[in-house]
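Subject: Model for you to look at

Hello,

Here is the structure I promised. Please open it alongside this note; what I found follows below.

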Amino acid sequence: MLEWYEVGLGLMGLLILFIVMGLPIPFALAGASVPFLLSIQSFSTTLVTAELKMWGVWVDYVLLSVPLFVLLGELIGRSNIGPNLYWFMHSKVPITGSAAYGSVGACAGFGAVCGSSMVGSLTIGGVALPAMLDLGYDKKLASGVLAAGGTLSVLLPPSLILLFYGIVTDQSIGQLFIAGVVPGLILVSFFFLIIKGWSVLQKGSVPGADDSESIPWGLALSAVIPVIVIGLIITVSIYAGIATPTEAAGVSCVITLLLAMTIGGMDMKGFFESIKATMKTMGYLGLLLSSGVLFGFVMTYYQVPQEFTSLFTSLELSPYTTLALIILFYIILGMFLEPVSMTFITLPTLFPLIQASGFDLIWFGVIYTITMEVAVLTPPVGLNLYVIQSIEKDRLTIIDVIKGCLPFIGALIFLIVLMVVFPELAVWLPNVMG
């Protein structure tokens with residue numbers, strides 16, 4: 001039988017080879033797993049094992065919440081609720097730079113009902129970016145605000161990354177969602193400070209006057225009320241134990257659909273487009289989750305995570321050195337992999353190290369999620385960078401977006417430091433509500 005380190009190196013080597021060859025990550029994960037399955041099983045048994053493991057993911061009741069949360073975000077994004085939320089945040093803030101502040105506020109509000117960073121950036125950015133450029137905002141500031149603003153969807157509940165983290169580490173989804181609230185609000189404040197500092201240090205980056213039309217209060221309420229209602233239903237019902245994440249997502253989807261159809265201006269075409277977009281997203285995510293489970297099964301069979309943890313702890317590094325190395329590893333890896341892939345490839349091996357170091361896994365879940373936010377803003381594979389640049393290809397280069405994101409990446413890293421120094425920022429609210 002192969003040694004654990006031979007399996008670990010072999011899995012990673014094959015995975016990197018397949019990714020470099022251009023194979024999509026779900027197929028690369030499954031392809032790397034199969035040779036090691038064949039070393040312990042016959043070909044026919046390996047096929048059955050692969051089928052059972054990949055199909056078995058969707059028997060997990062909690063995972064059914066994933067497509068529902070994706071659909072929820074798509075429904076809001078394709079109705080008038082998302083654009084009107086930006087219009088409200090922008091036009092009802094009577095200060096210089098209101099479009100920039102409003103973009104962050106709208107992204108935060110959208111984050112309270114959508115768990116996807118990319119959907120958040122695309123929905124608010126699709127409305128706000130052309131408007132900000134037309135108003136005369138600096139290209140780097142406008143694109144940086146919206147690329148970074150989308151990351152708020154990942155930290156504020158409901159968050160798909162926190163959901164996946166909870167599933168992999170077997171932690172309470174409700175506690176993880178609540179733990180992200182205070183750091184999420186702190187991050188919003190940091191983004192506001194960056195906008196203010198940018199406008200002071202670089203004169204002319206923010207227009208002095210904004211002559212855009214103010215949103216009528218009726219339209220404003222039609223955007224704000226649904227976001228508040230849906231956000232409260234999700235967080236309160238899950239944390240209070242009234243509903244599971246799947247039940248909360250299902251109820252929220254039905255209510256969102258009703259609101260989108262009645263006050264959000266959605267027609268049947270928009271509804272079917274939402275369904276289609278959800279199916280396309282889940283086609284990729286479903287394969288990724290399934291192949292990630294197969295990959296994890298092989299690693300667990302050969303006890304790669306357990307042996308790796310034992311080896312690492314035998315080095316007798318201090319807990320904070322271990323934490324720093326893991327955070328650094330994720331920030332570097334995030335330049336090349338997107339967050340969901342990283343979660344299912346690396347987290348099963350690395351979270352036992354955090355546990356062995358004596359850290360709270362709910363607290364680390366928030367830190368992990370912040371590092372995933374850095375990942376979507378760092379080239380060459382920063383998803384939000386390309387999403388924002390694709391909205392205004394004629395007026396923006398990818399370099400403009402990268403430069404615009406640098407201060408916001410700094411804010412995310414500073415928030416990680418704050419979380420390490422003051423862990424109660426994440427655990428205080430769950431403890432109080434518990």
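Helix α13 (residues 217-239) packs against helix α14 (residues 245-262) at an angle of about 165°, and their axes are 9 Å apart. Axes here are lines fitted to C-alpha atoms, for helices over the stretch in contact, and angles run from 0 to 180 degrees between N-to-C directions. Helices are DSSP runs (H or I, at least four residues), numbered from the N terminus. So α13 is roughly antiparallel to α14 (angles over 145 degrees count as roughly antiparallel, under 35 as roughly parallel, 65 to 115 as roughly perpendicular, and the rest as oblique). On the α13 side, the contact (heavy atoms within 4.5 Å) includes Pro 226, Ile 230 and Ile 233. On the α14 side, Pro 245, Ala 248 and Val 251 are among the residues involved. By class, this contact of α13 with α14 has 10 nonpolar, 3 polar and no charged residues. Ala, Val, Leu, Ile, Met, Phe, Trp, Tyr, Cys and Pro count as nonpolar, Asp, Glu, Lys and Arg as charged, and the others, Gly among them, as polar.

Two notes on the source. This is a predicted model: local features need pLDDT of at least 70, side-chain atom pairs count only at pLDDT 80 or more, and totals for chains, interfaces and linings use all residues. Residues are numbered from 1 along each chain as its sequence is written, and side-chain values use heavy atoms, with hydrogens and water left out.

Next, α5 (residues 81-91). Of its 11 residues, 8 are buried, so the helix is largely enclosed by the rest of the structure. Buried means under 20% relative accessible area, exposed over 50%, and partly exposed in between (1.4 Å probe, protein chains only). The buried residues include Asn 84, Tyr 86 and His 90. Among the elements covering them are α4, α13 and α14. α5 also packs with α6 at an angle of about 140°, with axes 7 Å apart. The two are therefore oblique to each other. Leu 85, Tyr 86, Met 89 and His 90 are the α5 residues that meet α6. That contact divides into 6 nonpolar, 6 polar and no charged residues.

Val 66 sits in helix α4 (residues 65-77). Val 66 is buried, with a relative accessible area of 0%. Leaving aside neighbours within four places in sequence, Val 66 is in contact with Leu 160, Leu 163, Phe 164, Met 282 and Leu 285.

Best wishes
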